[in-house]
Amino acid sequence: MIETDRLTRRYGGLIAVDALSMRVEPGQVLGLLGPNGAGKSTAMRMIAGFLVPTSGTATVCGHDVVREPLKAKRALGYLPEGAPNYGEMTVREFLQFVIRVRGFKADTGFRRFDEVVQRLQLEEVLEQCIETLSKGLRRRVGLAQAILHDPPVLMLDEPTDGLDPNQKHAVRQLIDVMARDRTILISTHLLEEVHALCNRVVIIARGRLLADATPAELERQSRYHGAVSFSAPGSGMSQEMLGRLPQVAAIEVDPLDGRVTVFPRRGERILEAVEGLLRAQGLEVSEIQLERGRLDEVFRQITTATEDAPASSQEAAA
Amino acid sequence: MSPVGAVIRRELRSYFVTPVAYVFLVIFLVLSGILTFYAGDFYERGQADLQPFFVMHPWLYLILVPAITMRMWAEEAKGGTLELLLTLPLTLWQAMLGKFLAAWLFIGIALLLTFPIWITVNYLGSPDNGVIMAGYLGSWLMAGTFVAIGACLSAVTQSQVVAFILTALVCVLLILAGQQQVLDFFHGTLPRQLIRVAMELSMLHHFEAIARGVLDLRDMLYFVLSMVGWLIAGVLVLDLKRMR
């Protein structure tokens with residue numbers, strides 16, 4: 001479990017993390033979402049014990065990261081941003097170094113080593129220097145380091161950043177497998193990742209918590225939630241008729257491919273009505289889709305809304 | 001294995017996988033030889049001791065120890081591995097101690113490899129080997145102080161070059177403060193007590209006594225306390241950086 005209570009970090013006059021309070025329970029995969037510079041990494045660094053909070057507290061499995069740093073660090077597996085590694089070491093040396101620092105006895109150490117190497121498919125590169133490895137492999141070495149001690153809490157800072165789609169998929173699968181009984185905190189600015197991995201989302205911007213919800217709840221806030229979009233050539237007339245339906249709030253046409261999106265009024269279902277109308281018009285609809293809502297739109301809405309009002313004074317101070 | 005042991009092992013390995021260690025060893029051995037025989041007039045003195053050998057050590061360390069210690073923290077801060085290291089379950093003290101001991105041991109190895117000169121002097125004459133042992137011990141203690149200074153100042157910056165220069169600067173001051181010429185220069189302009197303090201703080205002053213074979217507890221204490229002091233300062237610097 002990870003718990004933060006009004007966790008705050010200042011750099012001079014700048015507030016990087018502003019009274020962040022949240023709680024991540026076992027079994028949850030929480031996505032910490034935010035634009036670049038929102039304070040995601042700073043928050044994680046405080047939880048990991050690398051930075052000292054200016055005020056507020058953070059605990060890992062009940063251990064305060066400032067008062068009981070070693071206990072907190074033992075319970076935590078942490079992948080720092082960019083997965084830094086000792087480039088001049090081989091994968092084997094590096095992992096054995098971590099095992100030694102973590103104080104494993106020889107036999108359990110070997111067992112954990114074998115298990116992790118197998119799980120992350122590092123057998124073939126064990127004797128290679130880390131700096132000669134590809135980005136994806138280096139990330140896997142970083143992950144291996146983080147899960148060596150089978151920690152109950154896992155914290156990964158942008159675990160798939162800069163990886164190709166296949167590598168991203170592999171990393172996500174791994175996280176999925178480990179998610180079952182662990183507490184996992186992932187920071188990302190990739191919205192697809194939230195869909196793929198997380199069962200809870202916290203959005204922060206300018207260090208402040210702006211939303212705490214499930215991905216589905218966030219999608220529901222989207223203008224696109226429940227909207228119907230379709231492609232049908234020559235639908236100009238029917239668009240006008242659609243616009244007259246009482247449930248419909250607005251209609252937009254994509255100028256590029258002519259795709260029509262019909263937005264419902266709040267809480268209305270429009271799929272049947274739209275479909276019926278199109279059928280009655282005898283239009284040939286090549287494809288029709290009910291939208292779940294767009295996270296990127298909600299994300300933009302939430303993170304830019306605060307920028308105008310109270311945050312501008314902060315900017316002036318910085 | 002304890003975390004300190006793990007750090008020592010990692011550090012020592014990292015010296016030897018890069019050419020740094022070998023280059024250091026070669027330069028150290030060649031220079032210590034050349035300086036002893038040419039600048040130190042090893043033969044011309046006609047005395048069977050290693051005085052000219054040990055007298056050169058402060059100057060050798062001045063260049064070579066900062067080269068060893070400059071990367072100690074600066075490299076980790078720059079490469080981001082500092083975050084990795086400090087989020088492992090070990091204290092700042094354990095990390096600092098491990099790195100310090102690794103560098104100190106490494107210089108101990110370099111010192112041991114100068115044994116041919118000890119064989120030479122024993123072949124040529126019959127020196128007092130007790131004095132030589134004391135010389136080696138003193139030299140190693142002094143090296144430890146250099147290393148501790150380097151360890152602290154490497155934590156100050158992300159730039160290895162800056163770490164090198166800062167370390168060399170502090171070390172040269174600590175050497176020069178004990179040079180008779182320097183003390184004489186300030187004689188009369190500065191109060192006598194201040195000069196006395198400068199001399200007591202100087203490494204040279206304490207090293208010369210040991211190199212002569214006088215193992216005074218106060219001299220040894222000076223080096224040990226210097227090491228502890230600089231290491232504490234280094235840990236404080238690292239801690240401060242986490243808070244700032």
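Start by selecting B:Arg9, which counts as partly exposed because it has 17 C-beta neighbours inside 10 Å (buried means 20 or more other C-beta atoms within 10 Å of a residue's own, exposed 12 or fewer, and partly exposed in between, with C-beta atoms placed from the backbone). This is a predicted model, in which local features need pLDDT of at least 70 and side-chain atom pairs count only at pLDDT 80 or more, while totals for chains, interfaces and linings use all residues. To find your way, residues are numbered from 1 along each chain as its sequence is written, and chains are lettered from A and ligands numbered from 1 in the order in which they are written.

Staying with B:Arg9, colour helix α1 of chain B, residues 3–17, where this residue lies (helices are DSSP runs of H or I with at least four residues, numbered from the N terminus).

Next stop, chain A. Select helix α1, residues 40–47: eight of its eight residues are buried, so the rest of the structure largely encloses it. Among the buried residues are A:Lys40, A:Arg45 and A:Ile47. After α1(A) comes A:Gly49, with a positive phi near 85°.

Back to chain B for two helix pairs. Show α13 (residues 203–211) with α14 (residues 217–243); their axes come within 9 Å and cross at roughly 130° (axes are lines fitted to C-alpha atoms over the stretch in contact, and angles run from 0 to 180 degrees between N-to-C directions). That angle makes α13(B) oblique to α14(B) (under 35 degrees is roughly parallel, over 145 roughly antiparallel, 65 to 115 roughly perpendicular, and the rest oblique). For the contact, pick B:His206, B:Ala209 and B:Ile210 on α13(B), which meet B:Asp219, B:Tyr222 and B:Phe223 on α14(B) (contact means C-beta atoms, placed from the backbone, within 7 Å). These residues divide into four nonpolar, one polar and one charged (nonpolar are Ala, Val, Leu, Ile, Met, Phe, Trp, Tyr, Cys and Pro; charged are Asp, Glu, Lys and Arg; the others, Gly among them, are polar).

On α7(B), select B:Leu92, B:Trp93, B:Met96 and B:Phe100; their partners on α14(B) are B:Leu231, B:Gly234, B:Val235, B:Leu238 and B:Asp239. Seven of these contact residues are nonpolar, one is polar and one is charged.

Conventions: Two residues are in contact if their C-beta atoms, placed from the backbone, lie within 7 Å.
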